[in-house]
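Please find below my note on the model you sent. It is set out as numbered points, to be read next to the coordinates.

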Amino acid sequence: MDFNHTDDRRMLADMAGRFVREQYPMESRHEAAKSDDGFSRETWSQMAGLGLIGALFSEDAGGFGGAGFDIAVVFEELGKGLVTEPFLANLLAGTALTYGNETQKTVLENVISGESLLAFAHSEPASRYDLAHVETTAKTSGDGYVLNGNKAVVISGDTANYLVVSAVTEGNEQNEEHISLFLVPANSDGIHVRSYPTVDGYRAAEIALKDVAVSADALIGAEGQGLSIIHDVIARGTLAVSAEALGAIEIAIDMTLDYLKTRKQFGVPIGKFQALQHRMADMMTEREQIRSAVINASGNLNTPERDWNISALKNLIGRSGRMIAEESIQMHGGIAMTWEYAVGHFAKRIIMIDHMFGDVDHHMEQIIKLGRAA
Amino acid sequence: MDLNYTDSEQAFQAEIREFMAAKLPQRLADKTRDHKRLTKSDMEEWHSILNEAGYLTGHWPEQFGGKGWNAIERTIFDEEMTAANGPRLVPFGLNMLAPVLMAFGSPEQQSHYLPRIANGDDWWCQGYSEPGAGSDLASLKMSAERDGDHYILNGQKTWTTLGQHANMIFCLVRTSKEGKQQEGISFILVDMDTPGVEVRPIILLEGTHEVNEVWFTDVRVPAENLVGEENKGWTYAKYLLVHERSGIAGVGAALSGLEHLKHIAKDQMKDGKPLLDDPFFASRLAEIEVDLSAMRTSNLRVTQAADDGAPPGPETSMLKIKGTEIRQSINDLTRRALGPYAMPFVSEALDAGYNEEPIGPDYANPIAVDYFNHRKTSIYGGSNEVQRNIISKMMMGL
Ligand SMILES: Cc1cc2nc3c(=O)[nH]c(=O)nc-3n(C[C@H](O)[C@H](O)[C@H](O)COP(=O)(O)OP(=O)(O)OC[C@H]3O[C@@H](n4cnc5c(N)ncnc54)[C@H](O)[C@@H]3O)c2cc1C
């Protein structure tokens, strides 16, 4: 066994970490989050220049990474700065494009270089966390398709140049074997995007598709084969947000520990109270549990154990991540309730990640269904 | 044992229920249920409707214009009001300052301030905490120095809830540095229009303006605004904490929160069925109901004991801990009931007059911020850690 990252990956982590630490202060993060785009395009192209987007994709796809551990190290560092640049959306939709035709792969290359932006328009108002629930339809028309439907909480859906849209083809029944994916320019006629902020300072959109005409080569992969692509996309996305949560957890714990050593009440640092010491110890323990679960999920991204390990990780994030977020606030006292003091923003991100790609209960249910003991 | 309210208590409950149905404006009930922002005038409106009926100060003794409700009646009133989605009453004047004035204030203070509280002429805020004095409140530093028939106040208060609406603040201040910390503290009333008082907003983590810093620079306060005796302020503040048993469990708020959660869980669909029927969700909900049902009785036991004349004890601390935990678990499960629609947050949609289509279900927008905002309840009013210290020291002698 070897639990060390390769040198390349360590360098990648160091570089991403340094960028976030030194060039991503919380004030400019909030500034950018409030801007029209919800992030800084300048920062995005700097990060692209550092190779942080390329690291998420394999060489075949025009990147230089794409393994579970690559995704994990990048997103862990992003989580430490609560980075709002659209890494997640481009990982999701970009992963779908790795299954695409040559033109679609060229789009992905432009994403990796930082020129184009994508979003993954899959979930719908009634789908909750069910990946196979697609009501949007794609009717054949001439030698193309016409798309109709509504997409919900599309992460970074407002700034994307292209959308990857899921829809049911063939008879338009609601059937998992009829789900297909399409690459659609975001400015196509009939696409209406309603953009809004999320509680934790990111951006999402409700997207309505009304008689959106696309050509046959907009199809990604084969018709009716969308669901297995979606599973790969969401597995990577789930790993990514979980690693991001780990990064946010590390900062929340560091800040709390630091505060326990400096804040004095009753004449002593509050860290002298054993009531707080033991809970701090539990937080550290759970952080390491989460780190191990990230390793398990990363290492199994391409094995038959993928789904079990992804669900185990996400369940733990929903459970222990919540405990750490809430305890970080509680042990700080009032100061953590303020906008100005950063720990609350980390807590918000950790908790909101529970709402992406399935919460603690959803993944517990998956684990039971998969029926494999660890 | 008899688990039912007495006949007269039941009649009282029916009376309050009728009143809420008849007099609580629908607009205010809707806003409260939907977690919309209540404006200052919304709160004043409700305050004055209750005052007109005599219910606002029902729990005050008759000699001060109240109805002399006992603790059980007061509990019934609180439960019925929250169940009907009545806006929460701002407690600072009504429930915090008033009892202190009744017990320790001068006759002049009582006859001047108490009617003004009831009539809504003054909006009070609470100036206890300071940046360096939170859980260790007795270490507070803000000073009050006697200068002829005035005190001169210097220092800073913080976390002052709704101080932006207030015209009056009651403060704990240091009048002596001799002896034990607790023995140099006084309780004083300050008109916030006095020169040298400055209120600065603190924005909370969900972006709302609910609390403030209040700065005092050479603020001259008439000596007659001192409550009781100099250097006895700690006793008065403690009296308040110990006697303020009613409402601390927040049973009414928990019951209405649970109703709202069930309403949401009936509407949210999972695998083609209401979320309420999902075994994972249902078991979490059932656990909360078990806790709440027991706590409701714990609360009534403590309340009945108070009416029977038992001295207040650390039971209050138990109600504070369990009550906040239950409400926080309701907030937590409610956010999870929403699935991905917990994420969108349009702040303006919490203000009256917002007319755009909601994003997702119409109840979704405030749920996550409400979850975050309610993390405060285990921090303020004596943090849950401090409450556990009280239980283990006072009750168990550890
Ligand atoms: C939203 C909000 C509204 C508020 N409104 C008001 C108001 O209107 N007026 C007012 O005066 N105050 C108000 N407060 C202040 C509140 O009472 C304080 O936040 C509270 O007393 C805790 O103090 P602190 O924040 O300084 O935390 P600290 O006292 O610094 O505590 C930090 C952590 O250490 C723990 N701790 C401290 N001492 C011990 C111990 N001995 N053993 C174990 N653990 C310990 C605490 O429980 C907490 O977890 C408000 C606070 C908030 C958040």
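Predicted model: local features only at pLDDT ≥ 70, side-chain atom pairs only at ≥ 80, totals over all residues.

The points below take the two chains in turn and then a few single residues.

1. Side-chain atom pairs count only at pLDDT 80 or more.

2. Chain A, overall form. Chain A contains 11 helices and 10 strands. Its radius of gyration is 21 Å, close to the 21 Å that the globule rule gives for 374 residues, so chain A is as compact as a globular protein of that length. Along the principal axes, the C-alpha atoms of chain A fill a box of roughly 80 × 45 × 40 Å.

3. Chain A, packing and surface. Of the 374 residues in chain A, 60% are buried. Taking contacts between residues at least 6 apart in sequence, 74% of those in chain A join residues at least 24 apart. The chain exposes about 14,900 Å², and carbon and sulfur atoms supply 49% of that area. Its side chains include 31 positive and 51 negative ones, with the centres of the two sets 8 Å apart.

4. Chain A, domains. The assignment divides chain A into domain 1 (7-116), domain 2 (119-224) and domain 3 (228-373). The C-alpha centres of domain 1 of chain A and domain 2 of chain A are 23 Å apart. Across this pair, 26 residues of domain 1 of chain A are in contact with 19 residues of domain 2 of chain A.

5. Chain B, overall form. Chain B has 12 helices and 10 strands. For its 398 residues, a compact globule would have a radius of gyration near 21 Å, and the 22 Å of chain B agrees with this. The C-alpha trace of chain B spans about 75 × 50 × 50 Å along its principal axes.

6. Chain B, packing and surface. In chain B, 52% of the 398 residues count as buried. Among contacts with a separation of 6 or more, residues 24 or more positions apart account for 71% in this chain. The accessible surface of chain B is about 18,000 Å², with 51% belonging to carbon and sulfur atoms. There are 39 positive and 57 negative side chains in chain B, and the centres of these sets lie 5 Å apart.

7. Chain B, domains. Here the assignment gives domain 1 (7-89), domain 2 (124-230) and domain 3 (249-396). The C-alpha centres of domain 1 of chain B and domain 2 of chain B are 30 Å apart.

8. A:Tyr162. This residue belongs to strand β4 (residues 162-168) of chain A. With a relative accessible area of 25%, A:Tyr162 is partly exposed, because that class lies between the 20% and 50% limits. Beyond its neighbours within four places in sequence, A:Tyr162 is in contact with several residues, including A:Val107, A:Leu118, A:Leu183 and A:Pro185. A:Asn101, 61 residues away in sequence, has its C-alpha 15 Å from that of A:Tyr162.

9. A:Asp359. Which residues does A:Asp359 touch, not counting those up to four places away in sequence? They are A:Tyr129, A:Asp354 and B:Arg336, so the list includes a residue of chain B. A:Asp359 sits in the loop between α10 (343-353) and α11 (360-370) of chain A, and at 6% relative accessibility it counts as buried. A:Asp359 and A:Thr95 are 264 residues apart in sequence, with 22 Å between their C-alpha atoms.

10. B:His47. Helix α3 (residues 40-53) of chain B holds B:His47. The residue is buried, with a relative accessible area of 18%. Leaving aside neighbours within four places in sequence, its contacts are B:Leu56, B:Ile117, B:Ala118 and B:Gly120. The C-alpha atoms of B:His47 and B:Arg88 are separated by 9.6 Å, for a distance of 41 residues along the chain.

11. Positive phi values. Two residues of chain B deserve a look at the backbone. B:His35, in the loop between α2 (26-33) and α3 of chain B, has phi near 55 degrees, a positive value in a residue other than glycine. B:His35 is partly exposed, at 27% relative accessible area. B:Asn85 also is not a glycine, and its phi is positive at about 65 degrees. B:Asn85 lies in the loop between α4 (71-83) and α5 (91-104) of chain B and, at 18% relative accessibility, counts as buried.

Technical notes. Residues numbered from 1 in each chain as written. Chains lettered and ligands numbered in written order. Heavy atoms only, no water. Domains from an automatic or database assignment. Helix = DSSP H or I, 4+ residues; strand = E, 2+ residues; numbered from the N terminus. Rg over C-alpha atoms; globule rule 2.2 N^0.38 Å. Buried < 20%, exposed > 50% of the residue type's maximum accessible area, 1.4 Å probe, protein only. Contact = heavy atoms within 4.5 Å. Areas by Shrake-Rupley, 256 points an atom, 1.4 Å probe, with all protein chains shown as cover. Lys, Arg positive; Asp, Glu negative; His and termini not counted. Charge placed at Lys NZ, Arg CZ, Asp CG, Glu CD.
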